[in-house]
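Let's take a walk through this protein together, moving from single residues to the whole chain and back again. Keep the structure open beside you as you read.

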Amino acid sequence: MRLQISLSLSLILATTSVARNCGNTQEPIELIEQAIRFNSHNRQTAGQSGGASIGRPNHESSKTSTPRTQEVNLYMHNIYINETAAGAYISEEDLTKQWRVMNENYASTGISFVLKNITHTQNKSWALAIRNGTTELKMKQTLRMGGYEDLNLYFRVLGRGFFGDFAPNSEGFWQDGCDILHTTIPGGPQVNYNEGKTATHETGHWLGLLHPFSGGCRGGDYIDDTPAEETASYGCPVGKDTCRGDMFPGLDPIHNFMDYAYE
Ligand SMILES: [Zn+2]
């Protein structure tokens, strides 16, 4: 994505775990500063023209004007060990379902994803490649498609985190994209996280969104219409309200795609 600061995200979500733990646990200070500047700019713009908003895919009380539309080319890659679900194989049909879920989740933002290609690669070392290693880089140098403004999703067993502003053909350029745990696709075996919203969450980071609890009660995700939240939400904590008082209206945004609650 051709943003000044962009992210590629990983998901650390072991099949035995019961909570989402995104690879982006330490949000870079540069990205937070970018979010604050963007928020400030939006406030000024809102004062002049009624405002515009992107990247709030699950906020029911948004009162912004019609969002701009933006199409993002999407390349989906499945790197698997063998042609079974346990071997991280995902059929083209299931990947297509995942793509549809992303478009449904982002429909209210004006952002849509144009599915350009699906690839399947049987390669055990690539499927299991650890973060920042030469194996992972080799995989992405081989599989990555499109330019910096295009999204590549890698559905495999392990993921990685990375961010920055990258020159074409730099290592960061090749690493740009999101790694998604293969069990989180719609209908997948990841209990409570199998509606395809993990890809929505990680793509949100790629687009520049932070977690709603990133800056605590006073910072949140630096977007005005996200209710304040001090801590991540796990499970289904209906009524959770970690930021109280007149300054912090609303309950915690447990339904926000960028939180950790069950899908
Ligand atoms: Zn995250």
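Predicted model: local features only at pLDDT ≥ 70, side-chain atom pairs only at ≥ 80, totals over all residues.

You will find N169 in the loop between β7 (162–164) and α5 (171–175). Its backbone deserves a glance too: phi is near 70 degrees, a positive value in a residue that is not glycine. Most residues other than glycine have a negative phi.

Is N192 buried, partly exposed or exposed? With a relative accessibility of 31%, N192 is partly exposed, because that class lies between the limits of 20% and 50%.

Now step back to strand β8 itself, which spans residues 178–181. In a regular strand, side chains alternate between the two faces of the sheet. In β8, C178 and I180 lie on one side while D179 and L181 lie on the other, and all four are buried, so both faces of the strand are covered. Its partner is strand β6 (residues 151–156), which runs parallel to β8 and is joined to it by four bridges. Within this pairing, R156 stands opposite L181 of β8.

How does the protein look as a whole? It has seven helices and eight strands. Of its 263 residues, 51% count as buried. Take the contacts between residues at least 6 apart in sequence: 71% of them join residues at least 24 apart. The protein exposes about 12,100 Å², and carbon and sulfur atoms supply 52% of that area.

Next, turn to the second largest pocket, with a volume of about 670 Å³. It is lined by 33 residues, and those closest to its centre are D224, D225, T226, P227 and A228. Two or more lining residues come from each of α1 (29–49) and α7, with α1 giving the largest share, four residues. By type, the lining divides into 14 nonpolar, 11 polar and eight charged residues.

Our last stop is V238, in the segment after α7 (216–219). V238 is exposed because its relative accessible area is 68%. Its C-alpha atom is separated by 8.9 Å from that of D252, 14 residues away along the chain.

Note on methods
Residues numbered from 1 in each chain as written. Heavy atoms only, no water. Buried < 20%, exposed > 50% of the residue type's maximum accessible area, 1.4 Å probe, protein only. Contact = heavy atoms within 4.5 Å. Areas by Shrake-Rupley, 256 points an atom, 1.4 Å probe, with all protein chains shown as cover. 1 Å grid on protein atoms, 1.4 Å probe; cavity = no way out; pocket = protein on both sides within 12 Å on 5 of 7 lines; lining within 4 Å. Points joined across faces, edges and corners; volume = space filled by probe spheres on them. Nonpolar A, V, L, I, M, F, W, Y, C, P; charged D, E, K, R; others polar. Pairing = 2+ DSSP bridges.
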